[in-house]
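Hello! Here is the structure I promised to pass on to you. Have a look at it first, and then read my notes below.

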Amino acid sequence: MPHELDLIFTLTGGLTAALALGFITQRMRLSPIVGYLLAGILVGPFTPGFVAHKAIADQLAEIGVILLMFGVGLQFHVRELLAVRKVAVPGALLQIAVATVLGALVGRVAGWSWAASLVFGVAISVASTVVLTRVLSDSHVLHTPAGHLAVGWLVLEDVFTVLVLVLLPGLVGGASGGVTGVAISVGLAILKLAGLVAFTFIVGQRVIPVLLGYVAKTGSRELFTLTVLVVALGVAVGSAKLFGSSMALGAFLGGLVVGQSDFSSRAASEALPMRDAFAVLFFVSVGMLLDPAQLAAGWPITLATLAVVLIGKPIAALVVVLLLRRPMKTAFAVALSLAQIGEFSFILAALGRQLGVMPDEAAQALVVVSIASITLNPLLFSIRDRLARWTSSFFLRRQAAAADADGEEPAHADELAHRAIVVGYGPVGRTLTRLLRENAIEPTIIELNLDTVKVLQAQGIHAIYGDATQREILERAGVGKADSLLYTSAGAPGDGVIEQAKGMNPGLFVLARAFYLREAGPLKKAGADVVVTGEAEVAFSMTERLLVRLGATAEQVERERERVRSELFDQPAQAR
């Protein structure tokens, strides 16, 4: 191919192959990641036909790594981790330790150095965020106690991966100087990390939210998307140039800063679709490493590694969850969801190759095991309940009953309360929110006006800034655990929001506002249980339906009716 067109041909060929094979694997009910890895093999240098430019593919993949790590930081929520810390922290640490030791033993048997063996062991100890969330979501487990525990567990693995990315260059670089050299290298790495973290959070928290807020006020979605991408890439490159750190770590810290601002949900929903495209190229570049000719020679290493991923890791996780007295079903759900490897394994392996400690056969084994484990993981997860029943039969009934009785997280008061989501905070939304709160229902508000969201948050009302048509915004609002959704936005069609919400939570009770009667049909078709029309009565009618459903008396309902009528009709027209 002409040299000046290498970039275009690599993008076109890689994405086309990924699209075709990703579509095929999706139709086969497998993860599209399998298709992307196969696409890499197809356009790689070891198979006939079109060959993508490896150096360009690697650079595009680096962008994918940056955006992946930025997304991890963006969606990292300390509160969710604290909720499952008693199981996730010891569980993740023990499972990582067991898998690392087993992987290192495989490397030593294969004749690799201790450094290569340990890096290989760490690489197969961490699971794929993409695969885990997809499997949990497809199985309707993501918003259950088991799903929360699995996600919290994976967050700990992600944090551990970030620490390894920071410390590994110091450990490998200082190994030639003995213990003193290692200590000095690790100390310098920690100092650089501390400086990077301090700079990012002290300067970044003052600059980045202000910049995003200024751009958001322009009302341009394209500019907002561009700003978030510049922040992700800029912080990543700056961390590498100024602090000598990895770009992946800088991107993670940049995501943390944005994730703690009011723009986290909008950034996740609107500004990171490009992350998925570049992540595809990342998996394609990994697939290009596979040399089919070496499979015959390296099959013992591959089988041993696959056994660690599919058997060693799940057993370690299963034992920890059961020892911490969680139910058998929860234990199997968590254990089997972690029985795979993906993007973080390749990120660690790529760093190991850059440092000269990861042999080629290790990279070959990782690619094959990744394809196999990602393919088998949904199948294994689908039989989790059956395995739990079979395993329970080997325990005494008293022990099983005690584990099940003590296994669930203590129920908090807010988990027992009715959960309502209000979309839109105009005049109707304001009245509706006040009525809900006065009747002991704490709503979550989704609003696209940032100033309104800040005012609500200052008042102690849970409000999220973002577009409710985006799935990530609804997930952030907790639609999977909500009891009802109240759509009050004026001037915007709500059928897309309702259809999306119903798909995520089929049992959701949906009340929708229709300004005109002709809008009621599409709303009902989208899944709305009740459609209320009429500007004056809409706020009360929606609240009345909900109050009656929750057991309010006729006197309470009538009293609220008079108050709402007075509020809606007696106030000046400008206020309304």
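**What I found**

At 40% relative accessibility, Arg325 counts as partly exposed. This residue sits in the loop that joins helix 14 (295-323) to helix 15 (328-337). Arg325 is not a glycine, yet its phi is positive, at about 60 degrees. Please keep in mind that this is a predicted model, so treat every value here as computed from a prediction.

**The whole protein**

The protein has 576 residues, and 51% of them count as buried. Its secondary structure comes to 27 helices and six strands. The accessible surface is about 26400 Å², and carbon and sulfur atoms hold 63% of that. Among the contacts with a separation of 6 or more, 72% are between residues 24 or more positions apart.

**Around helix 2**

Find Tyr36, which lies in helix 2. Is Tyr36 buried or exposed? Its relative accessible area is 19%, and a residue counts as buried under 20%, so Tyr36 is buried. What does Tyr36 touch, once its neighbours within four places in sequence are left aside? The answer is Ala18, Gly22, Val280, Phe283 and Val284. For Gly22, the C-alpha to C-alpha distance to Tyr36 is 5.8 Å, although the two are 14 residues apart in sequence.

Next, follow the chain into the loop between helix 2 (32-43) and helix 3 (54-74), where you will find Phe50. With 34% relative accessibility, Phe50 is partly exposed. Together with Leu5, Ile8 and Phe9, Phe50 forms a nonpolar patch on the surface, and the four have about 310 Å² of accessible area together.

**A cavity and an enclosed helix**

How many cavities of 30 Å³ or more are there? The count comes to one, and the space in the largest cavity is about 40 Å³. Its lining is made up of Thr10, Gly14, Val43, Ala52, Ala57, Leu281, Val284, Ser285 and Met288. Helix 1 (6-27) and helix 13 (273-287) each supply at least two of the lining residues, and helix 13 gives the most, with three.

Seven of its ten residues are buried, so helix 6 is largely enclosed by the rest of the structure. Those buried residues are Ala116, Ser117, Val119, Phe120, Gly121, Val122 and Ala123.

**Salt bridges**

The whole structure holds five salt bridges. One of them pairs Arg221 with Asp467, whose closest N and O atoms are 3.3 Å apart. Arg221 belongs to helix 10 (residues 221-243), while Asp467 is in the loop between strand 3 (462-465) and helix 23 (471-477), so this pair ties together parts that are 246 residues apart in sequence. Arg221 is partly exposed, at 38% relative accessible area, whereas Asp467 is buried, at 16%.

Another salt bridge joins the side chains of Asp360 and Arg353, at 3.0 Å from N to O. Asp360 is partly exposed with a relative accessible area of 46%, and Arg353 is partly exposed at 34%. In a further one, the side chains of Arg437 and Glu442 meet at 3.4 Å, N to O. Here Arg437 is partly exposed at 33%, and Glu442 is partly exposed at 46%.

Happy exploring!

Notes: Residues are numbered from 1 along each chain as its sequence is written. This is a predicted model: local features need pLDDT of at least 70, side-chain atom pairs count only at pLDDT 80 or more; totals for chains, interfaces and linings use all residues. Side-chain values use heavy atoms; hydrogens and water are left out. Patches are made of residues with over 30% relative accessible area and no salt bridge: like charges are joined within 9 Å, nonpolar side chains (Val, Leu, Ile, Met, Phe, Trp, Tyr) within 5 Å. Accessible areas come from the Shrake-Rupley method with a 1.4 Å probe; for residues, only the protein chains shown count as cover. Helices (H or I, at least four residues) and strands (E, at least two) are DSSP runs, numbered from the N terminus. Buried means under 20% relative accessible area, exposed over 50%, partly exposed in between (1.4 Å probe, protein chains only). Contact means heavy atoms within 4.5 Å. On a 1 Å grid over the protein atoms alone, a cavity is a set of points where a 1.4 Å probe fits but cannot get out, and a pocket is an open set with protein on both sides within 12 Å along at least five of seven lines; lining residues have an atom within 4 Å of a point. Grid points are joined across faces, edges and corners, and a volume is the space filled by probe spheres set on the points.
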